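Have the picture open while you read.

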Amino acid sequence: MCDHHHMQAALGLARRGLGQCWPNPSVGCVIVRDGVVVGRSFTAPGGRPHAETRALAMAGDAARGATAYVTLEPCSHHGRTPPCADALIKAGVARVVVAICDPDPRVSGRGIARLRDAGIEVVEGLMADEAAALNEGFICRVTRRRPMITLKLATTLDGRIATSTGESQWITAPESRREAHALRGRHDAVMVGIGTALADDPDLTCRIAGYKSVPMVRIVADSHLRLSLTSRLVATAGAAPVWLLAREDAAAERAEALTRPGVSVISLPDSPTGVDLAAALQQLAARGLTRVLVEGGAGLAASLLQHDLVDHLAWFHAPGVIGGDGLPAAQGFGVTQLAAMRRFERVATSALGPDMLSHFRRSPASS
Ligand code: AOF
Ligand code: ZN
């Protein structure tokens, strides 16, 4: 079997860890000796042990003289676990095929150098684009100091998320709503604006059995700490984290009442539109988040688009039309000229029952 085939398998393994490994990247590792896969694994939920350690444990003595395929450069630092580069050397691996370098300043090339110094043949850059896409959240956290943002919208064909009276359940079909939960599963956290939290009283959990072993972080952009103490989010704050993004001047006694049942309040500089979003995302990255799914509402969607913070769009379209008096998916954010429009490029489209789901990413021309 060729290198490409095994790297593809390693990428497939890494994909299974998305949404579960933060603050670490989800890495895949396949160990092959004499054409036989003797070890395979991905980063454990919570980020440790690393992929290579687990795959080497599976391979045991069979790792001697083998080739290891890893989707990210093996680490070289002494963290909570010894360096993976050292583990590969100790196990007697002969060759390591790496998709991309680790942007973490503690590693960034040192893992590969360590392997080469030990006489191991290292091949770099195989399926690098695929690996970079898979690690986008981690790379974003390390290099841009904010998590990758996916904005999910579920609308009619004319982009409405509710009628003029606020009725919104349900616009999309059960097939779409199920896929929306799978999307949550591949993200570390889900975030909504306070309007949505008050209107829907959502759980913001991933409700597909067996899909997620690390609880989803639930985030509300709640500048004045208006989240109800009797909301489902507050009631379940002990089971899965709830983080509120609030302005510094939000009432201290309100913050105290919310923190008592286990909610975390993150204080941020004031901004005319609520909280300073760039500062908010910086705080989320500092707490380790790599992939955040934003599910609206229209105000939060507009602010993110305005500040060009949307990396991916997951847009569910139901085949219906509400018309101009329905609520739009994104409020106005001051676009008067087409040159200022936020542009995306289509990555994939699929049919979900009667609905359509399109994935877009920020157009390279606009970044
Ligand atoms: C690997 N294999 O599976 C992962 C790696 O805090 P630590 O000690 O767990 O180290 C975290 C760093 O290790 C993380 O920032 C990234 O550079 C690397 N992640 N490395 O060799 C893995 N998840
Ligand atoms: Zn490691």
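Start at P49, which sits in the loop between β2 (36-42) and α2 (51-59). Helices (H or I, at least four residues) and strands (E, at least two) are DSSP runs here, numbered from the N terminus. The bond between R48 and P49 is a cis peptide bond, with omega at about -5°. There's another cis bond between G296 and G297, where omega is about 5°. G297 belongs to the loop between β14 and α12 (298-306).

Before going on, some ground rules: this is a predicted model, in which local features need pLDDT of at least 70 and side-chain atom pairs count only at pLDDT 80 or more, while totals for chains, interfaces and linings use all residues. Residues are numbered from 1 along each chain as its sequence is written, chains are lettered from A and ligands numbered from 1 in the order in which they are written, and side-chain values use heavy atoms, with hydrogens and water left out.

## Two positive phi angles

M127 isn't a glycine, yet its phi is near 55°. You'll find M127 in the loop between β5 (121-124) and α5 (128-134). With a relative accessible area of 8%, M127 is buried (buried means under 20% relative accessible area, exposed over 50%, partly exposed in between, with a 1.4 Å probe and protein chains only).

L204 isn't a glycine either, and has a positive phi of about 55°. Look for L204 in the loop between α8 (194-200) and β9 (217-221). L204 is buried too, at a relative accessible area of 2%.

## Around the ligand

Which residues come nearest to ligand 1? Of the 20 around it, they are R48, A51, E52, D102 and D104; a residue is near a molecule if one of its heavy atoms lies within 4 Å of it.

The side chain of T43 has a polar atom 2.8 Å from an oxygen atom of ligand 1. In the side chain of H50, an N or O atom is 2.8 Å from an oxygen atom of the ligand. E52 has a polar side-chain atom 2.8 Å from a nitrogen atom of ligand 1. On its own the ligand has 520 Å² of accessible area, and the protein covers 97% of that (areas come from the Shrake-Rupley method with a 1.4 Å probe; for residues, only the protein chains shown count as cover).

## Helix α7

Helix α7 covers residues 174-185, and its twelve residues should span 16 Å at 1.5 Å a residue, which agrees with the 17 Å between its end C-alpha atoms. The expected span is 1.5 Å times one less than the number of residues.

S176, A180, H181, A182, L183, R184 and G185 are buried in α7. The strands that these buried residues pack against include β6 (148-156), β8 (189-193) and β18 (355-362).

T71 is part of strand β3 (residues 67-72) and counts as buried at 0% relative accessibility. A polar atom of the T71 side chain is 2.9 Å from the backbone nitrogen of G28. Beyond its neighbours within four places in sequence, T71 is in contact (heavy atoms within 4.5 Å) with residues including M7, S26 and N135.

T156, in strand β6, counts as buried at 4% relative accessibility. Its side chain makes a polar contact of 2.5 Å with the side chain of D158, and a polar atom of the T156 side chain lies 3.0 Å from the backbone nitrogen of R160. S358 is in strand β18 and counts as buried at 8% relative accessibility.

## A proline outside

Is P354 buried or exposed? At 53% relative accessibility, P354 counts as exposed. P354 lies in the loop between β17 and β18, and touches A173, E175 and P319, leaving out residues up to four places away in sequence.

Notes: Polar contact = N/O pair within 3.5 Å; in protein donor to acceptor, adjacent residues only side chain to side chain.
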